[in-house]
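This briefing goes with the sequence and model shown below, and it is meant to be read beside them. Please keep the structure open while working through the points.

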Amino acid sequence: MASASENIQPTRGELLKLKRRIDLAKRGHELLREKRDALVTEFFDNLDMLRGKREDVEEKLDRAYEALIDAKVSDGSSELEKSALASSGDIEIDVDSRNIMGVRVPIVEAGEGVERNVTERGYSLQETSSNIDVAAEKFEEALKDVLELAEAEEIVRRLAREIEKTKRRVNSLEYVLIPRLENNKEYIEMRLEEQEREDKFRMKRVKQKMEREEAEA
Amino acid sequence: MIKRQIQNLNRHLPKGRVTLENLLKQEKPRVENRDGDSHRFKRRELNYLSEILPPEKHSKLRLPIIIRISPDLGRGATRISGDVEKEVLRKILEKEEEEGEDELILYRPEIRIVRKKLPTTTQYAFMISSTKGEPDERNR
């Protein structure tokens, strides 16, 4: 309370201003708390999705590496390397952004060319076995999921950062600003009541004095 | 400072919403936000919406669908307005239409289902009550 009294004018105007500020701070606090809750929900939903996606990717990559080993056994390392080098075409990955409650998060989408058929891959079909086709197909399949995983991981990371920030704002309003404003309000109310009492007392004394003067006259 | 924080809560909202019909025609479907950034929609979601809505309503559905969080309804409650928007969400949630319903009121568990299905085609908006029970239009 002692600190509340510093730099505060105990006037009715100031009290009115303070009441408006408290009202605004409480509404801001409500909204920020809603934002924090919504962010936490989004965070956990994305985290669940991320876990599932990671398992999918690991499984698909396991299968792809098994197929690669089969291809290596059947075609040999040099043939496999030759096919890899001959494999042509750029993979189109579309990276953009979207917004979740003010948090800018990426959107990563696989464009055309991620999943190709055997004729589009560019290596010789006569000189290679179908094991290379299977391995390529499985890696292409896994790549699509890897992109989705990258997107989900970044979303979770950015949401976690925003939750921290929003939490700090909610706490500073709840535990610092609103109590301080309430304290100031109480201080002004107390001072105004005091002034009122003093005024009443003074008026009483003036009245008594006037009455006494009248009686003497 | 508080005022600025409240104002900033809705800066991620789009300057204007775009119809599903127009977004389906765009190669990279997106809208511009109030903060100058852009918000990209996932093609997969747009296709899903075009499947659950009859074609004549594609020009009536404006995206993103705004999920309005208004604390005057209680913690975790949201409002959705717009006839086609409400229809879409009711279909997703398998909810019946209530008589005389102006706005669709959804609670957190329902919103989670909606957001899982439509993460890019829905957006949250934060509403401040000007007087008790009356949402402030300036914050839309």
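Which residue in β7(B) does B:Thr78 stand opposite? In this predicted model, B:Thr78 stands opposite B:Leu106. Local features are described where pLDDT is at least 70, side-chain atom pairs count only at pLDDT 80 or more, and totals for chains, interfaces and linings use all residues. Residues are numbered from 1 along each chain as its sequence is written, chains are lettered from A and ligands numbered from 1 in the order in which they are written, and side-chain values use heavy atoms, with hydrogens and water left out.

**The sheet of chain B**

- Chain B holds an open sheet of 4 strands in the order β7-β6-β5-β8, with mixed pairing; strands, like helices, are DSSP runs numbered from the N terminus (E, at least two residues, for strands; H or I, at least four, for helices), and two strands pair if DSSP finds at least two bridges between them.
- At the edges lie β7 (104-106) and β8 (122-126) of chain B, each of which pairs on one side only.
- Strand β6 (residues 78-80) of chain B pairs with β7(B) in the antiparallel sense over 3 bridges.

- Helix α2 (residues 12-75) of chain A lies across β5 (65-69) and β8 of chain B, running at about 155° to β8(B); contact means heavy atoms within 4.5 Å, and angles run from 0 to 180 degrees between N-to-C directions of axes fitted to C-alpha atoms, for helices over the stretch in contact.
- The contact between the chains draws on 33 residues from chain A and 35 residues from chain B.
- Together the two chains bury about 3,100 Å², 54% of it on carbon and sulfur atoms, where buried area is the accessible area (1.4 Å probe) that two parts lose on being put together, summed over both.
- Of the area that chain A buries against chain B, 21% is supplied by A:Leu31, A:Glu34 and A:Asn99, more than by any other three residues.

**Salt bridges across the interface**

- There are 12 salt bridges between chain A and chain B, each being a side-chain nitrogen of Lys or Arg within 4 Å of a carboxyl oxygen of Asp or Glu.
- B:Arg108 forms a salt bridge with A:Asp37, and their closest N and O atoms are 3.6 Å apart.

**Helix packing within chain A**

- α2(A) packs against helix α3 (residues 77-86) of chain A at an angle of about 115°, with the axes 7 Å apart.
- In this packing, A:Leu68, A:Ala71, A:Lys72 and A:Asp75 of α2(A) meet A:Ser77, A:Glu79 and A:Leu80 of α3(A).
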